[in-house]
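Subject: Structure handover

Hello,

Here is the structure I promised to pass on. Please open it first, then read the notes below.

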Amino acid sequence: MRTATGSKLLGVLIGLAVAGVLIGLYVNKLTLDAGSPAYTVPVTTQGGHKVVDLQIETVAAVGPQFSPAHPDYVSYLVRDAQGAWLRRTVWRLPANATVHVTIYNFDSASGLRNPLYARPQGIDGNSFTLDGKPTDVIDPNDTSHTFAVPAYGLVVPLSGIPDSAKHPCGYAPCALSLDHRTITFTFHTGKQGHFRWQCFVPCAAGWIDGFGGPMQTIGYMDGFLDVV
Ligand SMILES: [Cu+2]
């Protein structure tokens, strides 16, 4: 009797360990599969202080040019100094710097699961500009994506384009002549480190709860700030 219980327990423990390892391998695969090389954001110095200009676009479908394996993945892209869009979501930033961010969002709204994120936090003035207008809260249902850096207590909700938009972007890169919203804000990096950033809107259409695929793969809706 005792031995039977003991071997049952052992069986359960082995089963749990195997499941844990498999989950770990799966997450590791997702992270590395479409992992992103780092993009070093150019730095300027103003009055002895480091300043960077980070330009990003968010798109409903990344397209075959950037991701032949997953053209329909929702994604972030970064703009380099020459104006070219790159599918890189690991951004190298200087420590103790001011970061001016411009996000062009070409996607429509999915809505926030947690309405608290409709109010920006962790940015200068806890306010951003939305199409040029100072904004400190949006309707949670209008949210398309968020840009969030949990280690900084930073979250910015990105308003979507209306479903009735006449000139939506198909595949990235999306030209600024197509329908989009423009969001600008400023934040500051502190000490050196490797900080995760991510979207908190369940925007991955076709995945369980909208949180699979591009939402859990580095290089689409997630990345890192490499603060050096
Ligand atoms: Cu998103």
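A definition to start: two residues are in contact if their C-beta atoms, placed from the backbone, lie within 7 Å. This is a predicted model, in which local features need pLDDT of at least 70, side-chain atom pairs count only at pLDDT 80 or more, and totals for chains, interfaces and linings use all residues. Residues are numbered from 1 along each chain as its sequence is written.

**His145**

Start with His145. Leaving out residues up to four places away in sequence, His145 touches Thr58, Asn105, Asp107, Leu158, Cys199, Val201 and Cys203. His145 lies in strand S10. Strands (E, at least two residues) and helices (H or I, at least four) are DSSP runs, numbered from the N terminus. Is His145 buried or exposed? It counts as buried because it has 29 C-beta neighbours inside 10 Å. The cut-offs: buried means 20 or more other C-beta atoms within 10 Å of the residue's own, exposed means 12 or fewer, and partly exposed is in between, with C-beta atoms placed from the backbone. Tyr73 is 72 residues from His145 along the chain, and their C-alpha atoms are 13 Å apart.

**The chain overall**

The chain holds 1 helix and 14 strands. Its C-alpha trace spans about 75 × 45 × 35 Å along the principal axes. Of the 228 residues, 35% are buried. Among contacts with a separation of 6 or more, 71% join residues 24 or more positions apart.

**S10 and S11**

Strands S10 and S11 run antiparallel and are joined by 6 bridges. (Two strands pair if DSSP finds at least two bridges between them.) Thr143 stands opposite Ser159 in S11. The hairpin of S10 and S11 has 4 residues between the strands, and Gly153 there takes a positive phi near 60°. S11 is largely enclosed by the rest of the structure, because 6 of its 6 residues are buried. Leu154, Val156 and Leu158 point one way from S11, while Val155, Pro157 and Ser159 point the other way.

**The core**

A nonpolar core is a set of buried Ala, Val, Leu, Ile, Met, Phe, Trp, Tyr and Cys residues joined through C-beta atoms within 7 Å. Which residues touch the most other members of the largest one? They are Val59, Val74 and Val156, out of 47 residues in that core. The elements giving two or more residues to this core include S4 (75–79), S10 (143–149) and S11 (154–159). S11 gives the largest share, 4 residues. In soluble globular proteins, nonpolar side chains tend to be buried together.

Beyond its neighbours within four places in sequence, Val59 contacts Ser75, Leu77, Phe106, Asp107, Cys169, Ala172 and Cys174.

**S3 and its partners**

S3 (residues 49–59) is joined to S2 (residues 43–46) by 4 bridges, and the two run antiparallel. Val43 has Val52 in S3 as its bridge partner. In their hairpin, with 2 residues between the strands, Gly47 takes a positive phi near 55°. S3 also pairs with S7, in the parallel sense, over 8 bridges. There, Leu54 stands opposite Val101 in S7. With S4, S3 pairs in the antiparallel sense over 4 bridges. Val59 has Ser75 in S4 as its bridge partner.

**Gly125**

Last, a loop residue. Gly125 sits between strand S7 (98–105) and strand S8 (128–130). Gly125 counts as exposed, because it has 10 C-beta neighbours inside 10 Å. Its C-alpha atom is 17 Å from that of Val149, 24 residues away along the chain.

Best wishes
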